[in-house]
Amino acid sequence: MITFYPGPSKVYPQVERFMSEAFQSGLLSVNHRSEPFMQMLGKTITDLKHKLHIPQEYEIYFTSSATECWEMIAQSLVIRSGFHLYNGAFGAKWLEYAQKLRPESKGQAFHFDTIPDETTLPGIGTHDLICITHSETSNGTFIPGSFMQMIRKRSDQIIAVDATSSMAGVELPWSLADVWFASVQKCFGLPSGMGLMAVSPSAVERMKVCGDRAHYNSLLFVRENFLKNQTPYTPNVLGIYLLGRIMNEVNAIDVVAKDISDRAEAFYSFLITNDFLPLVTTREVRSKTVFAIKIEKASLPDLKSNAALAGITLGNGYGDWKDQSFRIANFPAISSHDFSVLKDFLTENRSVRK
Ligand SMILES: *Cc1c(COP(=O)(O)O)cnc(C)c1O
């Protein structure tokens, strides 16, 4: 089966070998406060920062998931309320989670097929943390870099970005936000069960102002551990090991991002020439890493069953678009051969589309 599911998604083929290496190395049975573990954690973070071009002064913490990061941000970085700008299901869910912890947090929705601009930001100044979803995995949109720049200029508050389905697939404008987080089952091409967070010096200052120490995953406590190459609780040692091995192996992010961007452009053109409609018509906000394609509700089951017969797993639609779209992950672990098989399949199934 070839899978284009946008998470969990195709894992790198090398993962099989790395898992066996992890087993052989004995690391899976060592104490997580021992020297071999601490060295492995330190090297993983060094390689990650190097390959993804993360600024030296940003700190990296590993978490259990992106969902956990939503809560960690609300509990340890929001003083009174956050401002959430969103256009789809993941952004909406983040707001919902944040409001349970910080009830005065507010959300501002914008239409997914528009380029967000200043008019989407009324009242931004009254909140002390701004939350943005960089790649909205549910509808296949991206926040353009120009908009990130505009928010940075408009506000001196801490900016947190959910980059779950774009980190490690595109070059992120790190300095335009203070907290970036993701989980590893998307562009990192790894088995699920781990998240990570990159945190700027301003966000560290904010942690101190908040002073939250009430939770096992309070950021101050997490930070104290990571400064010693340790973790607050027994971590996903295998997950950290696999991340380190993959980061050691992949190309630097500028090279990866160029391939992903070229493949995205080619695929959108392919869709249009073959009469498939991308859900997003505004080119500037189309995601490079997750494609959402519109389809008649009545045609979707046929397309999916034909795909299954052809050995292809398409991503289901998500949220509002569950029955009227399918999604295709354009993550780095998916090969160009996989994409040519997909294109052949879609060409043959043009007639099912309507
Ligand atoms: C997948 C995804 C999440 C949730 O990730 P988990 O690892 O399941 O917590 C959050 N935000 C976005 C944008 C996602 O794509």
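**Ser200 and its surroundings**

I started with Ser200 and looked up what touches it: leaving aside neighbours within four places in sequence, Ser200 is in contact with Tyr58 and Asp178. Contact here means heavy atoms within 4.5 Å. The model I am reading is predicted, so I note that local features need pLDDT of at least 70, that side-chain atom pairs count only at pLDDT 80 or more, and that totals for chains, interfaces and linings use all residues. Residues are numbered from 1 along each chain as its sequence is written, and side-chain values use heavy atoms, with hydrogens and water left out.

I found Ser200 in the loop between β10 and α6 (201-210). Helices (H or I, at least four residues) and strands (E, at least two) are DSSP runs, numbered from the N terminus. Is Ser200 buried or exposed? Ser200 counts as buried because its relative accessibility is 2%. Buried means under 20% relative accessible area, exposed means over 50%, and partly exposed is in between (1.4 Å probe, protein chains only).

Not counting residues up to four places away in sequence, Asp178 touches a list of residues including Tyr58, Gln157, Ile159, Val199 and Ser202.

**The ligand**

Which residues are closest to the ligand? I noted 13 residues around it, the closest being Thr67, Thr137, Asp162, Ser183 and Lys186. The cut-off for being near is one heavy atom within 4 Å. I then went through some oxygen atoms of the ligand. A polar side-chain atom of Thr137 lies 2.4 Å from a ligand oxygen, and one of Lys186 lies 2.7 Å from a ligand oxygen. With Ala66 it is a polar backbone atom, 3.2 Å from an oxygen of the ligand. On its own the ligand has 390 Å² of accessible area, and the protein covers 86% of that. Such areas come from the Shrake-Rupley method with a 1.4 Å probe; for residues, only the protein chains shown count as cover.

**Aromatic rings**

I searched the whole structure and got 13 aromatic pairs. One of them is Phe90 with Tyr318, which is stacked, at 4.8 Å centre to centre and 20° between the planes. Rings of Phe, Tyr and Trp (its six-membered ring) pair if their centres lie within 6.5 Å; planes under 30 degrees apart count as stacked, over 60 as edge-to-face and the rest as tilted. The pair joins distant parts of the chain: Phe90 is in helix α4 (residues 89-101), Tyr318 is in the loop between β14 (315-316) and β15 (325-329), and they are 228 residues apart. Phe90 counts as buried at 17% relative accessibility, while Tyr318 is partly exposed at 24%.

Then I checked Phe112 and Trp321, whose ring centres are 5.4 Å apart with planes at 70°, so this pair is edge-to-face. Phe112 counts as buried, at 9% relative accessibility. I also wrote down one aromatic cluster, formed by Phe4, Phe267, Tyr268, Phe270, Phe291 and Phe339.

**Helix α2 and what follows**

Among the buried residues of α2 are Phe37, Met40, Leu41, Ile45 and Leu48. The buried residues of this helix pack against β2 (59-63), β10 (195-199), α7 (219-227), α8 (237-249) and α9 (253-273).

Just after α2, His53 takes a positive phi of about 60°. His53 lies in the loop between α2 and β2 and counts as partly exposed at 33% relative accessibility.

**Other backbone notes**

Asn229, in the loop between α7 and α8, also has a positive phi, near 60°, in a residue other than glycine. Asn229 is partly exposed at 27% relative accessibility. Last, I looked at the peptide bond from Gly7 to Pro8, which is cis with omega near -10°. Pro8 is in the loop between β1 (2-3) and α1 (15-25).

Notes: Polar contact = N/O pair within 3.5 Å; in protein donor to acceptor, adjacent residues only side chain to side chain.
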